[in-house]
Amino acid sequence: MTQEDGSLRTLTVDIGGSGVKVMVLDETGNPLTERCRVKTPQPPTPELVTDAIVQLAALQGDFERVSVGFPGVVHAGVTHTAVNLDPGWHGFDLATVLSERVGKPVRVANDADVQGLGTISGQGVEMVITLGTGFGTSLFVDGKMVPNLEIAHHNFRKGETYEEQLGRAALKKEGKKTWNRRLEKAIASLEHAFNYDCLYISGGEVSNISFELPTNVKIVNNVNGLLGGIALWRD
C-alpha cells in the first residue's frame, strides 16, 4: 500500500554501537523526515534495541516497509555476529521479530554494506570503511555487493585486528596521533589487498582524521548508512 501521493515510504534504521538512527525515505531514496537518533540501549540486547527502534518508528509517521543496517554478519534477516553489541544477537531473527512488532515487511543487512549502497557510484571496484565503535567494511564490483565482508576481525598488525587497532576504544587509549598513523597504514594495506578504484570513509570518528588522504579516498556523510536502506528493496 502506498501513500495518497503515490510514494512508497521506507523506514530506514541504522543500528550502531553508540546510537540507533532512523529516517523515512521515498521510493527514490530522498529523505521525507529528519534523521532521529537515540543512544544505543545498555545492555544492547535484541529486546532493548528492538524496543528503541519501535519507539523511534512511532515518531516517523507512515511507512510501508523497513530496512535495517546491523553491525555484524546477517543472513536472510538473521544476525550471526555482534561484537559491539550483545551475545544475545547471535542467531536472532531480527527481520521477523521487528516485522511482527511494526506490522511491516523488514529487510536487514550488514551496516557497512548498507552504507556502501548509499554511497557508491557503481563503477569499478569500490570499498567502504566505517570508523565508529568498531571498524566496518564493504566491497562492491561494478555496483554488485560482496556481502558480510567483515575485514574488521582479520589480522592487521602486531597481532591485532583492524578493529582492535582502529576502533573507538583504540582511539581513546592511544590518542589521535597513533590512531592516524594506524589508519594511514590500514588504507595502504587495503589498497594493496583489494586494488580498489575508490575508497569511501564514513562514521563517527572521521572528524579525527588529520592526514592528507590519497586522491582515490573520499570522506562521505554518515547519513548514507540510512540512505542506502532503500537499495535493500531493489530486487
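Contact here means that heavy atoms lie within 4.5 Å of each other, and the views below show a predicted model.

**View 1**
Thr50 lies in helix α1, which spans residues 46-57. Leaving aside neighbours within four places in sequence, Thr50 is in contact with Phe92, Leu94, Val97, Leu98 and Arg101. The relative accessible area of Thr50 is 1%, and because buried means under 20% relative accessible area, Thr50 counts as buried.

**View 2. Thr40 in the loop between β3 and α1.**
Thr40 has its place in the loop that runs between strand β3 and helix α1, and with a relative accessible area of 6% this residue, too, is buried. When residues up to four places away in sequence are not counted, Thr40 touches Gly16, Gly17, Ser18, Gly19 and Val20, and also Val49 and Leu85. For one of these residues, Gly16, the backbone oxygen lies 2.7 Å from a polar atom of the Thr40 side chain. Ala76, which is 36 residues away from Thr40 in sequence, is 24 Å away from it in space when the two C-alpha atoms are compared.

**View 3. The open sheet of five strands.**
In this view, 5 strands form an open sheet with mixed pairing, and their order across the sheet is β3-β2-β1-β4-β8. The edge strands, each of which pairs on one side only, are β3, made of residues 36-39, and β8, made of residues 106-110. Neighbouring strands of the sheet are turned against each other by 15° on average, with direction ignored.

**View 4. The pairing of β4 with β8.**
Strand β4, which covers residues 65-70, runs parallel to β8, and 5 bridges join the two strands. Within this pair of strands, Phe70 stands opposite Asn110, a residue of β8.

**View 5. The lining of the largest pocket.**
The largest pocket of the model has a volume of about 520 Å³. It is lined by 33 residues, of which Gly16, Asp111, Thr130, Gly132 and Thr133 are the closest to its centre.

Terms used
Residues are numbered from 1 along each chain as its sequence is written. This is a predicted model: local features need pLDDT of at least 70, side-chain atom pairs count only at pLDDT 80 or more; totals for chains, interfaces and linings use all residues. Side-chain values use heavy atoms; hydrogens and water are left out. Two strands pair if DSSP finds at least two bridges between them. Helices (H or I, at least four residues) and strands (E, at least two) are DSSP runs, numbered from the N terminus. Axes are lines fitted to C-alpha atoms, for helices over the stretch in contact, and angles run from 0 to 180 degrees between N-to-C directions. Buried means under 20% relative accessible area, exposed over 50%, partly exposed in between (1.4 Å probe, protein chains only). A polar contact is a pair of N or O atoms within 3.5 Å; within protein, one must be able to donate a hydrogen and the other to accept it, and residues adjacent in sequence count only if both atoms are side-chain atoms. On a 1 Å grid over the protein atoms alone, a cavity is a set of points where a 1.4 Å probe fits but cannot get out, and a pocket is an open set with protein on both sides within 12 Å along at least five of seven lines; lining residues have an atom within 4 Å of a point. Grid points are joined across faces, edges and corners, and a volume is the space filled by probe spheres set on the points.
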